[in-house]
Structure formats: structure tokens, C-alpha cells
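Let's take a walk through a protein chain together.

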Amino acid sequence: MTTTDSATAPTAIEDKFAAVETLYRYAAGLDLRDEELLASAFADDAAADFGPATKKAGQEYPPIKGGGTIAAALLDSLGHLDTTHSLSNPRVTLDGDTAHLEGIMACQHLPREDHSRHVLMTNRYDVDLARQGQVWVIRHLTVDNAWTEGDPSVLAGI
């Protein structure tokens with residue numbers, strides 16, 4: 001825990017919610033195409049690996065390093081899509097100023113010009129976080145696919 005007055009130190013429940021809120025910022029940043037909001041979910045030296053999930057959809061997506069680089073790459077590769085990302089079943093383990101989060105993210109993707117096609121990916125998120133000031137940020141993110149429904153060709157070109 002950071003050095004704070006014990007009367008103002010966050011409780012474990014507050015820390016767990018704040019860690020989950022990091023994934024809410026991430027999802028909202030993606031869906032709103034808000035690069036600043038999306039980047040706020042990542043540490044400057046973050047690493048993200050979407051490869052396990054995208055490979056199952058027939059796409060290759062190399063690991064990315066750097067919070068701002070991750071945000072820019074995601075928004076660029078998803079720029080032709082309308083998306084919704086919904087987090088469920090988050091489980092957070094705290095260890096001082098670090099945390100581990102596992103959860104399920106339902107990721108709906110529709111071509112912006114053709115909502116008659118879609119692909120829904122339900123992905124497992126494995127996330128290492130660190131406290132950065134008053135917020136939690138993603139240090140390492142791995143995304144793997146649990147199942148997919150719809151037309152995976154919607155993801156062509158990511």
C-alpha cells in the first residue's frame with residue numbers, strides 16, 4: 001500500500017473496484033473511440049497481447065508495448081468497426097500496490113457501414129495492474145478467446 005494516512009487509505013473493496021474500473025475505462029475508451037480515455041487505462045510501459053484471441057478468429061495481431069502505443073494501435077485497427085465491450089465476472093486479487101484481474105469481456109464488432117454483419121467474441125482477460133497515484137493502470141494484458149459467434153471476416157484488416 002502507498003504511504004497514506006490510515007484514515008484516508010482505500011479499503012480492499014475500494015481497491016478492487018478501482019482495479020475493475022480500469023477495465024471499464026479501457027472498454028469505454030474503445031467503444032467511444034476516445035484515445036485519451038483508453039490510454040488512461042494503461043501504464044506508460046504496459047504490454048498487451050491480443051494474439052491468443054485474434055489467432056482463433058483467423059487474424060494475426062502482434063504484442064504491443066507502451067500505453068499510448070497500445071491505445072493508438074487498438075483505435076486504428078478497430079477504426080472501421082462499431083464496438084461494444086462489456087466486462088463480467090471480474091475477480092481481483094490484491095498485493096499491495098499491484099493487483100491481478102481475471103474477467104470475461106464480451107466484444108461485439110460490427111462494420112460501421114454494414115450493421116447486418118457482426119462478430120461477437122467472448123474473451124478471457126488476464127490483467128496485471130499497478131497503482132499509479134489514485135488510479136490503477138494495466139501493466140500487462142493478455143486476451144484469449146473463449147468462443148465466437150457470427151462472421152469472423154468482420155475482423156479482416158485488424
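**How the chain comes together**

Of the contacts in the chain with a separation of 6 or more, 60% are between residues 24 or more positions apart. Keep in mind that what you're looking at is a predicted model.

The chain has four helices and six strands, and if you read along the sequence, they come in the pattern α-α-β-α-β-α-β-β-β-β. The radius of gyration is 16 Å, close to the 15 Å that the globule rule gives for 158 residues, so the chain is as compact as a globular protein of that length. Along its principal axes, the C-alpha trace spans about 55 × 25 × 25 Å.

Next, find strand β1, residues 42-49. Which way does β6 run relative to β1, parallel or antiparallel? The two run parallel, and four bridges join them. To spot this pairing, look for D49, which stands opposite T142 in β6. β1 also pairs with strand β2, residues 64-65, this time in the antiparallel sense and over two bridges.

Buried residues make up 42% of the 158 in the chain. The accessible surface comes to about 8,000 Å², and carbon and sulfur atoms hold 53% of it. As for charge, the chain has 12 positive and 24 negative charges, and the mean positions of the two sets are 5 Å apart.

Methods
Residues are numbered from 1 along each chain as its sequence is written. This is a predicted model: local features need pLDDT of at least 70, side-chain atom pairs count only at pLDDT 80 or more; totals for chains, interfaces and linings use all residues. Side-chain values use heavy atoms; hydrogens and water are left out. Two strands pair if DSSP finds at least two bridges between them. The radius of gyration is taken over C-alpha atoms; the globule rule is 2.2 Å times the number of residues to the power 0.38. Buried means under 20% relative accessible area, exposed over 50%, partly exposed in between (1.4 Å probe, protein chains only). Contact means heavy atoms within 4.5 Å. Accessible areas come from the Shrake-Rupley method with a 1.4 Å probe; for residues, only the protein chains shown count as cover. Lys and Arg count as positive and Asp and Glu as negative; His and the chain ends are not counted. The place of a charge is taken as NZ of Lys, CZ of Arg, CG of Asp or CD of Glu.
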